Amino acid sequence: MYFLWYLLIGLAAGWIANYLVKGSGSGLFVNLLVGLIGGLVGGWLLSLLGLVAVGTLGSLATAVIGAIVLLWIAALVSRGRKHGK
């Protein structure tokens, strides 16, 4: 049951981050993937600062923060490839 809850949080986090960074949706699967990986990145970043997410809103906020960082890195890499050609 927790697995489904993590999927829902990841999907919501990916959608929110994608909306905040790009302004348009990328699809269900991409949002889910970005949200789930963002949750790991966000948890790692917050642990470096000595912070721990508590509850559902804390988990969602952590995943959104990580997903935004992940999307920014992807945009930088993508922009670097366009200039390199």
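Student: What percentage of the contacts in the protein with a separation of 6 or more is accounted for by residues 24 or more positions apart?

Tutor: A contact means heavy atoms within 4.5 Å. In this protein, 67% of the contacts with a separation of 6 or more involve residues 24 or more positions apart. Please note that this is a predicted model, in which local features need pLDDT of at least 70 and side-chain atom pairs count only at pLDDT 80 or more, while totals for chains, interfaces and linings use all residues. Residues are numbered from 1 along each chain as its sequence is written, and side-chain values use heavy atoms, with hydrogens and water left out.

Student: How many helices and strands does the secondary structure of the protein come to?

Tutor: Elements are DSSP runs numbered from the N terminus: helices (H or I, at least four residues) and strands (E, at least two). Here there are three helices and zero strands, and the order from the N terminus is α-α-α.

Student: What radius of gyration does the protein have, and what would a compact globule with 85 residues have?

Tutor: The radius is taken over C-alpha atoms, and the globule rule is 2.2 Å times the number of residues to the power 0.38. For 85 residues a compact globule would have a radius near 12 Å, and the 13 Å of the protein agrees with this. The C-alpha trace spans about 45 × 30 × 20 Å along its principal axes.

Student: What share of the residues is buried?

Tutor: Buried means under 20% relative accessible area, exposed over 50%, and partly exposed in between (1.4 Å probe, protein chains only). Buried residues make up 24% of the 85 residues. Of the accessible surface of about 6,000 Å², 75% belongs to carbon and sulfur atoms; such areas come from the Shrake-Rupley method with a 1.4 Å probe, and for residues only the protein chains shown count as cover.

Student: Where does Val41 lie, and which residues is Val41 in contact with beyond its neighbours within four places in sequence?

Tutor: Val41 lies in helix α2 and counts as partly exposed because its relative accessibility is 22%. Beyond those neighbours, Val41 is in contact with Gly66 and Val69. Ala13 is 28 residues from Val41 in sequence, with a C-alpha separation of 12 Å. Helix α2 also holds Leu45, which is partly exposed at 25%.

Student: Which residues line the largest pocket?

Tutor: Rolling a probe the size of a water molecule over the atoms shows where empty space is left. On a 1 Å grid over the protein atoms alone, a cavity is a set of points where a 1.4 Å probe fits but cannot get out, and a pocket is an open set with protein on both sides within 12 Å along at least five of seven lines; lining residues have an atom within 4 Å of a point. The largest pocket is lined by Tyr6, Ile9, Gly10, Gly35, Leu36, Gly39, Ala53, Ser59, Thr62 and Ala63. Two or more of its lining residues come from each of α1 (2-21), α2 (28-48) and α3 (55-84).

Student: Which element gives the largest share of the lining of the second largest pocket?

Tutor: That share, four residues, comes from α3. Lys22, Val30 and Leu70 are among the residues that line this pocket.
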